[in-house]
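Student: I have a model open and would like to learn how to read its features. Where do we start?

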Amino acid sequence: MAAEIVNPRSDSDGTTDEELFDPAFALHRGGKMAVQATVPMRDRDDLSLAYTPGVAKVCSAIAEQPELVHDYTWKSQVVAVVTDGSAVLGLGDIGPEASLPVMEGKAILFKQFGGVDAVPIALDCRDVDEIVDTVARLAPSFGGINLEDISAPRCFEIERRLQERVDIPIFHDDQHGTAVVTLAALRNAAQLTGRPIGGLRAVISGAGAAGVAIAKILVEAGIGDVAVCDRKGIVSAERTDLTDVKRDLAGFTNKAGLTGSLERALDGADVFIGVSGGTVPESAVATMAKDAMIFAMANPNPEIHPDVAHKYAAVVATGRSDFPNQINNVLAFPGIFAGALQVRASRITEGMKLAAAEALAAVVADELSADRVIPSPFDERVAPAVTAAVAAAARAEGVARR
């Protein structure tokens, strides 16, 4: 006989004990954000200026000179945080409604850490064409689009096609935010251990959105070599089971021509970067080079537990907030968008991402230790440094419009 399923006790309104007493539910009740006016609405005069008839003058001016939309609306300081709910944090495919608490959270991080307003948008569609068309049609309302928690490989095509269609920054944070922060931490870890980044051989566990983006930015930054591993082992040109994305990945990684398992790749490697989950055997970790750097970023369970990693590595980082050196995207995306919006950039380039990583690394360059190769998310120097660097890079690369 099947066991009886017992639900938590609930009150007459359907509220369970968990919802009554768990502080996470208490904080989220009613949502985490709201719209707030920036102009007064005290009397008829205020109403006539903020709405009709005063607003008509502004609308007519924008119709005649479309670029004025940046000066007379919030467009130049607001980002859409867009998801389809298909790859939400560590929860996976939970759908658009269940993704909203995360998208709201992302929006308030934009405001808190970058001074950027953001609007969460959860789409009830999965088709690439439909997502691209929908977001492109929404684009006139926003200064940038932050794609969030969209599963690979669709996320690559969605980002590429959207950037081809619209002239505002399209940024998939799961890819590029992770990559920027990882590179910043690696730069400082290499400096701390006295090795140039060009002399390092890295292994990335995970060939999804984050793994591919990290590989690309490490190559752009001049790393000696990087091998990426998926569930079937090292991504190499010899494999016949590769997707288009992984085939492209094989073309610019793995100069050494390694084949086989993750364990094979780790033998003698200087750097491990985990963005996949799973567990790496300690026996494989022990084969890494002396003074290795281990960034095991799966949450809540790192691919290599810090207690194991510290036996073999000079620098250890995770994605968790309860260990030193947290690789946290909030160190990157608020400042990157703030810088891009500041100069009304048409896109976010590789040069802007590299500039963000360099600026982020520089924040703690004079304070380096094994437990401090990356700043805290609450370090107030981070967002201004990243913002300024990204804005300057946008101007240098010719994508700034002011």
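**Reading a helix, a sheet and the spaces**

Tutor: Start with helix H10, which is mostly covered, with nine of its 12 residues buried. Buried means under 20% relative accessible area, exposed over 50%, and partly exposed in between (1.4 Å probe, protein chains only). Helices (H or I, at least four residues) and strands (E, at least two) are DSSP runs, numbered from the N terminus. This is a predicted model, in which local features need pLDDT of at least 70 and side-chain atom pairs count only at pLDDT 80 or more, while totals for chains, interfaces and linings use all residues. Residues are numbered from 1 along each chain as its sequence is written, and side-chain values use heavy atoms, with hydrogens and water left out.

Student: Which residues of H10 are buried?

Tutor: In general, an α-helix has 3.6 residues a turn, so residues three or four places apart point the same way. In H10 the buried residues are Ala 209, Ala 210, Gly 211, Val 212, Ala 213, Ile 214, Ala 215, Ile 217 and Leu 218. Just after H10, Gly 222 has a positive phi of about 90°.

Student: In what order do the strands of the open sheet run?

Tutor: Strands of a sheet pair through backbone hydrogen bonds, either parallel or antiparallel. Here two strands count as paired if DSSP finds at least two bridges between them. The six strands run E7-E6-E5-E8-E9-E10, with mixed pairing. Strand E7 (233-234) and strand E10 (313-318) are the edges, each pairing on one side only. H10 (residues 209-220) packs on this sheet and touches strand E5 (201-205), strand E6 (225-230) and strand E8 (271-274). Contact means heavy atoms within 4.5 Å. The direction of H10 makes about 165° with that of E5; axes are lines fitted to C-alpha atoms, for helices over the stretch in contact, and angles run from 0 to 180 degrees between N-to-C directions.

Student: How do E9 and E10 pair?

Tutor: Strand E9 (residues 292-296) and E10 are parallel, over five bridges. Ala 292 stands opposite Ala 313 in E10.

Student: What does Arg 195 touch?

Tutor: Arg 195 lies in the loop between helix H9 (173-192) and E5. Leaving out residues up to four places away in sequence, Arg 195 touches Ala 190, Leu 200, Asp 270, Lys 290, Asp 291, Ala 292 and Met 293. Arg 195 and Ala 98 are 97 residues apart in sequence and 45 Å apart in space, C-alpha to C-alpha.
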